[in-house]
Amino acid sequence: MNKSELIEATAKAADISKAAADRALSAAINAVVKAVAKGETVTLVGFGTFKPAKRAARTGKNPKTGAPLKIPATTVPKFTAGASFKAAVAGKKAAKKK
């Protein structure tokens, strides 16, 4: 599924126009990107968590020449799926908390 298919499915499910669904989806994605870029964690209960993760500097290898090269430390986005999402993908029912 690509973004336009997601917009179409959202518009149909929410009974709104595709333009409104596009604006809502774009706003939600932008909010998540801005928050994670600031170093915040975004948790969508039942779906998952977006957070920044630090990646240490390391030594890599140029695949063409085999020469070693330094890869600098950086921060990358990380997504961890929630229990309900994992269960849905696995075809199981989510376990209820006690």
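Tutor: Before we start, a crossing is left-handed if the near helix is turned anticlockwise from the far one by less than a right angle, and right-handed if clockwise. This is a predicted model, in which local features need pLDDT of at least 70, side-chain atom pairs count only at pLDDT 80 or more, and totals for chains, interfaces and linings use all residues. Residues are numbered from 1 along each chain as its sequence is written, and side-chain values use heavy atoms, with hydrogens and water left out.

Student: OK, so which crossing does α1 make with α2?

Tutor: α1 passes α2 in a right-handed crossing, where helices (H or I, at least four residues) and strands (E, at least two) are DSSP runs numbered from the N terminus.

Student: And at what angle do the axes of α1 and α2 cross?

Tutor: The axes of α1 (residues 3-14) and α2 (residues 18-37) cross at roughly 115 degrees and come within 8 Å; axes are lines fitted to C-alpha atoms, for helices over the stretch in contact, and angles run from 0 to 180 degrees between N-to-C directions.

Student: Switching topic, what order do the strands of the sheet have?

Tutor: The open sheet has three strands in the order β1-β2-β5, with antiparallel pairing, and two strands pair if DSSP finds at least two bridges between them.

Student: Why is one side of β1 and of β5 left without a neighbour?

Tutor: β1 (42-44) and β5 (74-81) stand at the edges with a single partner strand each, so one side of each has no neighbour in the sheet.

Student: How many bridges join β2 to β5?

Tutor: Eight bridges join β2 (residues 48-55) to β5, and the bridge partner of F50 in β5 is F79.
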